[in-house]
Amino acid sequence: MEIKRLVCVECPVGCEIEVAIENGAIQSIKGNSCPRGYKYAQEEVIAPKRIVTTTVRAENGKLVPVKTSGGVLKDEIFAVMEKINAVRVKTPVLVGQTLVKEIAEGVDLVATATIG
Amino acid sequence: MYDVIVVGGGVIGGLILRELTKYNLRVCLVEKANDVCMGQSKANSGIVHAGYDAKTGTQKAKFNLLGNRMMEKVAQELGVKYSNIGSLVVAFSEEECSALQTLKERGEKNGVSGLRILDREELHRMEENISSEAVAALYAPTGGIVCPYSLTVAAVGNAMDNGADLHLLFEVEKIEKTENGLTVSAKDGRALQGKTLVNCAGIKSGEIAAMVGDEINVNGRKGEYILLDRESGGFVKHTLFFAPTEKGKGILISPTVDGNVLLGPTAEEVDDGNTETSGAGIETVMEKARKMCKNVPFFNTITSFAGTRAYAAEHDFILRESERTEGVFHCAGIESPGLTAAPAIAEHVVKNLLSTRLKLEKNKNFSPYRKADYFFKDLSREEKNELIKKDPSYGKIVCRCEGITEGEIRRAVRENPPALDTDAVKRRTRAGMGRCQGGFCQSQVMEIIAQERGVALEEVTKKGKNSYIIRGRTK
Amino acid sequence: MKNSYEIVVIGGGPAGLAAAIAAYDNGAKSVLVLEREEGLGGILNQCIHNGFGLARFKESLSGPEYAERFIAELKKREIEVLTGTTVLSVSPEKTVVALNAENGEFSVQAKAVILAMGCRERSKGALNIAGTRPAGLFSAGAAQKFVNIKGYMPGQKVVILGSGDIGLIMARRMTLEGAKVLAVFDIMPYSSGLKRNVVQCLEDFGIPLYLNHTIVKIEGEERVSAIVAAEVDENRKPIAGTEKRFECDTVLFSVGLIPENELSKSAGVPLSPLTKGAIVYQNRETLVSGVFACGNVLQVHDLVDFVSEEAEIAGKAAAEYVRFGESEKEPIDCVNGGGVSYVLPQKIDKRAQGKIKLFFRVRERAENCSIVVRCGEEEIARRKKRVVAPGEMETFILTEEQIKKAVKEITVSLEK
């Protein structure tokens, strides 16, 4: 049995989680203090994902802060960043507005501020 | 063809340039950096010395005294902050007390007025934070402080307002004698013609002298300083010196005209214009400051910096015409009290030296005044609102630590000599000089410079040449 | 704009926004928010990463999203806002002098003032690092503004001094934008940032964290060309012989935050040497009657959620102050004991109603310890903690009953 130790990144508490794995299957998850942590640990040992936050340029040169609507596979972050950097949007942009559908598998690119 | 080419944009070069514009002459100043005041005039103690230090009969003694008497008027004409706070040379032992006596006698011989020895009680009454070990002091009421970079910038600006030219990033490589004068060439290929030349190149004045066949030995001595926040203003009321001992002079602790407290300098021999700070140097300053005063508020440190003082082997000012090349004059080895002496040196160089090669004819249009370099925050509400009505950019604070408005920064970029980089803006307006050291306002200052000069933001530098601040746009 | 307001809030960042809303909702009839930037939201606008609002909204928001929620709430109320307006001074009589391009310099009279100016970064200058003073040295926050707001890259080869949250966040941000972050140094034996940030900002990208290290020298005349880092001993002094040189074009400094209290001083507000912010009662009233303080100007928080919570306490109290006038107080002191570096509030009014949340930080990292609250010699509360660290603010709730019973000063300490 293999034990993987993780620090949960879901919230500022930073729980230290232990995941026991045998033959590629999770046997137990210990140390999390909420269901989000449990889900994080499950994902983290198999296919770690991160929400990407960055900016895109508006056509008028301004910056629009954005995030992915869900986690992006950690290994694909730089590929996604390249796609995001190529995006140009028209202002005004509203907070919560989807700027690009499916920027990565299953996740959209969403504006996180209203930019006039 | 210029009548005079001044080499070096320090306080000596700046004040000589200004002095020259009092006459009908075509003059210019060449400076190797992106702004004037980039050498030792930028990083020194800013002290207007009373004049008891220099050996009687030396050039230093003579020009110190004359300069001290001229400084208030020059500062006032140029709108530069000057304050006649007086200085104290502090003794910590009987032996040092006798050194005070020697200094007093020398000062009197040099012509310094008002010198007085204070006893322990009076000293402690005048400086409440002085170390309890301090036993006596020599009080010089004519000692003062001035802002060295404002003085230099204002002198050059006033000269430009009166018709002088300024050539920046002009690093002199060659000086050749021609039929009617001299050709001065820069490393980048630019060349200027002049009838005469004044060498005020500070640490580089030996190199300039060598270009015309003279040998002047100029060495550098590095001094490190610590600057405390205005919050510690009033910690000392006068400029405090240690009494000179065989071990050297020690450091000074002084208020600055802007209300900060300055501690330093150390003294370390260096070959070139090296202005790196060192851990050991800063330690030395702290150690000596603790000897001078109780509870030095080091927690209010804003920054530490170093400057190089150029000195000549003979430790006196060298003010003379070249032995080899007629029409070239050297001002070299201008170490302390050079800042104090500067106005007197400038007058001397023009009236007594250059006059032997040029006809001096009064410039009737000369104005000695530069619009006082006011700080917005020092104005009355009526004055502020008047200004804002005319130019709303005065209604926007950019540097929150020092309370500097956008209008002041725009003015610094526009007026003579124009501030072309963020350090130049800082020296003129104090934006970025406060406790956050530009953390908040740097990007805004850059934007203002970029707008005013019509360049891209990426082209704005900290101090010219390759000192770019940002590297291109994201995405 | 009027000449007088019931409440003037200085600062339109997270603290000011929440305070203004709470003041209005608790009955203040005229509230003015003064903000020096052109828009509301304060530093949140440049904090485009997520992780804000988990405590408050049970959602992981980015900084601008968190701010927008409060700005939207503010706009629903009759609260006046002046942006582009810098406050120059506040008098103890609560006359606020401010400056903007439209109105020039002007004064407004307040019945109560809420100080919500936030904090600033400690500058590199204060560190006395040896070497040159070239371009390419930035506070982490200044770099963040360049990248996230202005859209410019400070440089391409980066080292970072200080592993506080801003330093960590910027390590990731610079990396995502294509820069190479060579190293993050911290003079302490631990990161002062949140653990999650060490994981997702450094470990995710393989950026090395050098603990017990500091920068001892900066090289480069015009632009920074290299730094020298060294290991430090237990007194935080560099150990000779451990120097390592890193060629880089950019150095970011994330070396602490300092409450920005220049205006508090002009109002005569006494400050705590421990927090560098005002000394306050549990309702965030300072020792100057009718002047309140909240958010990072009072104590540097790790989480904006706590800033909002604290600001609401101040906003409500300011509204009550306007309605009922100065309250008579029966104060007891609240101080830090062993292992704790400060406790806030520093004063508790025994007549106060309801629970009181104490905020504090520990001096050093410790495991399996207890937080103990005493009143004089007597222990009144205790809580076990698995891990505590200076980088993570701790809280402790005292009940009304415990406070009413208190006769002597309350001490919070950490015990093994």
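**Note on chains A, B and C of the predicted model**

1. In chain A, the centres of domain 1 and domain 2 lie 28 Å apart when taken over C-alpha atoms. The domain assignment places domain 1 of chain A at 2-46 and domain 2 of chain A at 53-111, the bounds here and below coming from an automatic or database domain assignment.

2. This is a predicted model, in which local features need pLDDT of at least 70 and side-chain atom pairs count only at pLDDT 80 or more, while totals for chains, interfaces and linings use all residues. Residues are numbered from 1 along each chain as its sequence is written, and chains are lettered from A and ligands numbered from 1 in the order in which they are written.

3. Chain A contains 2 helices and 10 strands, where helices (H or I, at least four residues) and strands (E, at least two) are DSSP runs numbered from the N terminus. Along the sequence these elements of chain A follow the order β-β-β-α-β-β-β-β-α-β-β-β. Chain A is more spread out than a compact globule, because its radius of gyration is 17 Å, well over the 13 Å that the globule rule gives for 116 residues; the radius is taken over C-alpha atoms, and the rule is 2.2 Å times the number of residues to the power 0.38. Along its principal axes, the C-alpha trace of chain A spans about 55 × 25 × 15 Å.

4. Of the 116 residues of chain A, 39% count as buried, that is, with 20 or more other C-beta atoms within 10 Å of their own, C-beta atoms being placed from the backbone.

5. Chain C is assigned three stretches of structure: domain 1 (1-120 + 257-327), domain 2 (123-255) and domain 3 (330-416). The centres of domain 1 and domain 2 of chain C are separated by 32 Å, taken over C-alpha atoms. Between these two domains of chain C, 5 residues of domain 1 are in contact with 7 residues of domain 2, contact meaning that the C-beta atoms, placed from the backbone, lie within 7 Å.

6. Turning to the interface between chains, 38 residues of chain C are in contact with 39 residues of chain B. On the chain C side, the elements that give two or more residues are β7 (95-100), β8 (104-115), β9 (119-121), β10 (130-131) and α4 (140-150), and α4(C) gives the most, with 6 residues. This side of chain C divides into 13 nonpolar, 14 polar and 11 charged residues, with Ala, Val, Leu, Ile, Met, Phe, Trp, Tyr, Cys and Pro counted as nonpolar, Asp, Glu, Lys and Arg as charged, and the others, Gly among them, as polar.

Conventions:
Buried ≥ 20, exposed ≤ 12 C-beta atoms within 10 Å, placed from the backbone.
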